[in-house]
Amino acid sequence: AFLWRAEEGWPVEFVSENITCFGYTTEDFYSGKIRFADIIHKDDIERITEEVTIYSADENCTHYRQEYRILSPSGQVFWVDDRTFVRRNDKGVITHYEGIILDITEIKKSQEEQEKLKEQLLQSEKFNAIGQLAGGIAHDFNNTLQLINGYTQLLLSELKCDEKHKKFLNT
């Protein structure tokens, strides 16, 4: 669980001990050395900031949910499911965000693997369809060639032609 102020960078006021599973200590946050925004993956921070801005502009918004990546101090990427509650003062101004963050890295890896397998299956089905189409075309072409060959054999047996024309027909 986190409690961060509704200020630039989202400075942390409270963090539960289980944050150590991401490689940070509570002191990293309490000292101000690390703000909450600092741990959000650089490819996700713009989207997360925009979403928080939109949610915060809605006076009736009391909570929201986001999925994004965070980075550990060593650079390891974790996917999180962040369920955030909006705290407002008596004038309705947002003062804090309180979030429960769940590690969903394994779920995301599993989903990515499923997507890869789906894509491989689709590729396999495409190649199978192309193979069937090519086989059908080859079969039809072979039938046409058999007709040409058959008529050529008839011509050769029926016609009394010179060697030059027989050579053309045999070719």
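Phe2 has Val15 as its bridge partner in β2, and this pairing belongs to a set of three bridges that join strand β1 (residues 2–5) to strand β2 (residues 12–15), which run antiparallel. Strands here are DSSP runs of E of at least two residues, and helices are runs of H or I of at least four, numbered from the N terminus, while two strands pair if DSSP finds at least two bridges between them. The model is a predicted one, in which local features need pLDDT of at least 70, side-chain atom pairs count only at pLDDT 80 or more, and totals for chains, interfaces and linings use all residues. Residues are numbered from 1 along each chain as its sequence is written, and side-chain values use heavy atoms, with hydrogens and water left out.

**The sheet**
- Six residues lie between the strands in the hairpin of β1 and β2, where Gly9 takes a positive phi near 85°.
- Five strands form an open sheet in the order β2-β1-β5-β4-β3, with antiparallel pairing, and the edge strands, β2 and β3 (63–71), each pair on one side only.
- Nine bridges join β3 to strand β4 (residues 77–88), and Phe78 in β4 is the bridge partner of Ile70.

**The helices α3 and α4**
- The axes (lines fitted to C-alpha atoms, for helices over the stretch in contact, with angles from 0 to 180 degrees between N-to-C directions) of α3 (residues 105–158) and α4 (residues 163–170) come within 10 Å and cross at roughly 160°.
- The two helices, α3 and α4, are therefore roughly antiparallel to each other, a label for angles over 145 degrees.
- Thr152, Leu155 and Leu156 in α3 meet Lys166, Leu169 and Asn170 in α4, where contact means heavy atoms within 4.5 Å.

Technical notes. Parallel < 35°, antiparallel > 145°, perpendicular 65-115°, else oblique.
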